[in-house]
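Here is a short briefing for a first look. Please read it with the sequence and the 3D view side by side.

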Amino acid sequence: MKKLIITLIAIAIYATNTYAQNLPSAQPVSWVVESTVYQPKINTVKFYDDKSQLIYQETIYGKLDVKKKYVREALNQACEKLYAQRRDIKNANLLGLALSIKQ
């Protein structure tokens with residue numbers, strides 16, 4: 001039973017893909033993209049401030065390839081917009097418009 005639980009936990013950890021900025025956090029806002037192997041077209045993009053507190057979260061229902069340069073640039077621009085506004089944003093659909101993802 002113990003082996004089964006450990007195996008299920010290991011599978012759950014390996015089934016989750018996580019991408020983040022590869023640059024040192026010189027910006028006051030950083031982003032992380034989370035998705036799973038089982039649902040690769042559902043991505044959650046989270047933005048954190050310099051104190052590692054979640055300031056904005058958006059779920060993208062479409063393919064989001066973080067390996068592409070224009071996607072990373074769009075996420076970095078969204079970071080800059082969030083820092084410039086410096087207030088809590090809810091339901092702004094910030095990324096869906098910036099990336100123009102087919103849903």
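Glu 73 and Lys 69 sit 4 residues apart in helix 2, so about one helical turn separates them. This is a predicted model: local features need pLDDT of at least 70, side-chain atom pairs count only at pLDDT 80 or more, and totals for chains, interfaces and linings use all residues. Residues are numbered from 1 along each chain as its sequence is written, and side-chain values use heavy atoms, with hydrogens and water left out.

**Charged pairs**

- Side chains of opposite charge can pair when their charged atoms come close.
- The whole structure holds 2 salt bridges (a side-chain nitrogen of Lys or Arg within 4 Å of a carboxyl oxygen of Asp or Glu).
- Glu 73 and Lys 69 form a salt bridge, with their closest N and O atoms 4.0 Å apart.
- Glu 73 is partly exposed, at 39% relative accessible area, while Lys 69 is exposed at 55%. Here buried means under 20% relative accessible area, exposed means over 50%, and partly exposed lies in between (1.4 Å probe, protein chains only).
- Glu 34 and Lys 46 also meet in a salt bridge, at 3.5 Å from N to O.
- That pair links distant parts of the chain: Glu 34 is in strand 2, Lys 46 is in strand 3, and they are 12 residues apart.
- Glu 34 is partly exposed at 27%, whereas Lys 46 is buried at 18%.

**Overall layout**

- The protein has 3 helices and 4 strands. These are DSSP runs numbered from the N terminus: helices are H or I with at least four residues, strands are E with at least two.
- Along the sequence the pattern is α-β-β-β-β-α-α.
- The protein has 103 residues, and 30% of them count as buried.
- Among contacts with a separation of 6 or more, 36% join residues 24 or more positions apart. A contact means heavy atoms within 4.5 Å.

**The hairpin**

- Strand 2 (residues 29-36) and strand 3 (residues 42-49) run antiparallel, joined by 6 bridges. Strands pair if DSSP finds at least two bridges between them.
- Strand 2 is mostly covered, with 6 of its 8 residues buried.
- Trp 31 has Phe 47 in strand 3 as its bridge partner.
- Trp 31 is also touched by Arg 72, which contacts Val 66 and Lys 67 as well, not counting residues up to four places away in sequence.
- Arg 72 lies in helix 2 (residues 69-85). Its C-alpha is 9.6 Å from that of Trp 31, although they are 41 residues apart in sequence.

**Aromatic pair**

- The whole structure has 1 aromatic pair.
- Phe 47 and Tyr 56 form this tilted pair, 6.0 Å centre to centre with 35° between the planes. Rings of Phe, Tyr and Trp (its six-membered ring) pair if their centres lie within 6.5 Å; planes under 30 degrees apart are stacked, over 60 edge-to-face, and the rest tilted.
- Phe 47 is buried at 0% relative accessibility, and Tyr 56 is buried at 4%.

**A loop residue**

- Ser 52 has a positive phi of about 60°, although it is not a glycine.
- Ser 52 is in the loop between strand 3 and strand 4 (54-61), and is exposed at 61%.
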